[in-house]
Amino acid sequence: MAGGQILAGFLAPHPPHLVYAENPEANEPRSKGGWEQLRWAYERARRSLEELRPDVLLVHSPHWITQQGHHFLGVKHLSGRSVDPIFPNLFRYSFDLGVDVELAEACCEEAAELGLTTKMMRNPNFRVDYGTITTLHMMRPQWDIPVVGLSANNSPYYLTTEEGLEEMDTLGKATARAIERTGRRAVLLASNTLCHYHFSEEPDPPEDMSREHPQSYAGYLWDMRIIDLLRQGQTTQVFEILPQFIEEAFAEVKSGAFTWMFAAMGYPELPGELHGYGTVIGTGNAVMEWNLVKAGLAEAA
Ligand SMILES: [Fe+2]
């Protein structure tokens with residue numbers, strides 16, 4: 001088997017409001033829409049993904065929290081109902097997904113080899129978290145591409161931010177080695193919001209967009225600074241200021257998916273394509289793409 005490669009990485013945040021607003025059959029609550037700019041951003045990302053034709057989607061979610069070590073979905077077929085514990089009124093989603101267990105096991109082995117604590121998740125009745133489900137639904141609602149799900153060990157919350165993100169860097173490198181070794185054509189999804197300051201009251205109805213705007217002006221300015229650097233391909237500079245961004249904007253990238261994805265791709269100094277930005281309950285969300293095929297860093301199908 002030829003060596004595998006990473007085709008692209010997407011910043012693909014997971015506010016369940018986006019699924020709610022789209023009214024897919026799989027989600028029980030009904031809405032009158034809302035958050036269109038972000039949902040249309042995801043429509044553009046979906047078209048890119050369609051063209052890439054990957055074998056597998058890998059997603060790291062901050063809401064599958066594992067206290068000890070980095071865990072990987074390790075059951076070939078998972079189905080059930082995923083409910084957001086904060087917004088059960090918006091997200092009660094019936095999921096049915098296929099897992100690329102061979103690649104997950106390779107990721108688990110490579111990460112262990114690089115010194116991380118790892119474990120395969122083998123519970124056949126496991127309820128997949130809403131972060132993983134929302135990101136996957138927004139990127140590929142057909143659910144016809146196998147996935148690898150990675151948990152958030154949340155080491156950045158127990159250790160210093162820098163030490164925790166160093167672990168995520170290692171996890172990214174291990175992921176790249178596993179993809180290479182198994183010959184997969186892979187797309188990485190970093191399920192992270194940027195500025196995470198949010199409102200504490202929900203409008204009635206929740207999709208009342210006259211109430212939606214950035215919760216924090218300082219946080220908004222931070223988001224624009226980071227996005228602008230990413231659009232210019234100033235990756236090194238972004239990672240230099242990432243701890244300060246996390247601290248001052250309470251950014252969800254602290255949980256590590258963003259670092260994991262960039263480490264796996266080798267931190268390319270490549271302009272990211274912004275598909276769209278919008279707030280959800282005041283938090284800042286960007287859908288962005290780093291297409292390594294278009295950049296000549298990976299081969300087209
Ligand atoms: Fe989140």
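# Notebook: loops, a pocket and salt bridges

Entry 1: I started with Phe250, which lies in the loop between α8 (235-249) and α9 (257-265). For these labels, helices are DSSP runs of H or I with at least four residues, strands are runs of E with at least two, and both are numbered from the N terminus. Before going on I noted that this is a predicted model, where local features need pLDDT of at least 70, side-chain atom pairs count only at pLDDT 80 or more, and totals for chains, interfaces and linings use all residues. I also noted that residues are numbered from 1 along each chain as its sequence is written, and that side-chain values use heavy atoms, with hydrogens and water left out.

Phi of Phe250 is near 50°, a positive value, and Phe250 is not a glycine. The cut-offs are under 20% relative accessible area for buried and over 50% for exposed, with partly exposed in between (1.4 Å probe, protein chains only).

Ala251 is in the loop between α8 and α9 too. Ala251 is buried, at 3% relative accessible area. I also looked up a distance: the C-alpha atoms of Ala251 and Ala174 are 24 Å apart, and 77 residues separate the two along the chain.

Entry 2: Asn23 sits in the loop between α1 and α2 (36-52), and its 25% relative accessibility makes it partly exposed.

Then I checked for a cis peptide bond, and found one joining Asp204 and Pro205, with omega at about 0°. Pro205 belongs to the loop between β8 (185-190) and α7 (217-231).

**Entry 3: the largest pocket.** How much space lies in the largest pocket? I read off about 540 Å³. I had to look up what a pocket is: on a 1 Å grid over the protein atoms alone, it is an open set of points where a 1.4 Å probe fits, with protein on both sides within 12 Å along at least five of seven lines, and lining residues have an atom within 4 Å of a point. The volume is the space filled by probe spheres set on the points, which are joined across faces, edges and corners.

The lining has 27 residues, and those closest to the pocket centre are His63, Tyr130, His196, His198 and Glu252. Which element gives the most to the lining? I found that β2 does, with 3 residues. Both α1 (16-22) and β2 (56-65) supply at least two lining residues each. Sorted by class, I get 15 nonpolar, 9 polar and 3 charged residues. Here Ala, Val, Leu, Ile, Met, Phe, Trp, Tyr, Cys and Pro count as nonpolar, Asp, Glu, Lys and Arg as charged, and the others, Gly among them, as polar.

**Entry 4: salt bridges.** I searched the whole structure and got 16 salt bridges. Each one needs a side-chain nitrogen of Lys or Arg within 4 Å of a carboxyl oxygen of Asp or Glu.

I looked at Arg46 and Glu22, whose side chains meet at 2.9 Å, N to O. This pair links distant parts of the chain, with Arg46 in helix α2 and Glu22 in helix α1, 24 residues apart. Arg46 counts as buried at 17% relative accessibility, whereas Glu22 is partly exposed at 25%.

Glu28 and Arg92 make another salt bridge, at 3.3 Å, N to O. Why does this pair tie together parts that are 64 residues apart in sequence? Because Glu28 lies in the loop between α1 and α2, and Arg92 in strand β5 (residues 92-98). Glu28 is partly exposed, at 42%, and Arg92 is partly exposed as well, at 24%.

Next came Arg184 and Glu102, with a salt bridge of 3.4 Å, N to O. Arg184 is in the loop between α6 and β8, and Glu102 is in helix α3 (residues 101-113), so I logged another link between distant parts of the chain, 82 residues apart. Arg184 is buried, at 12% relative accessibility, while Glu102 is partly exposed, at 49%.

Last, I noted a network of salt bridges that links Glu109, Glu110, Glu113, Arg177 and Arg181.
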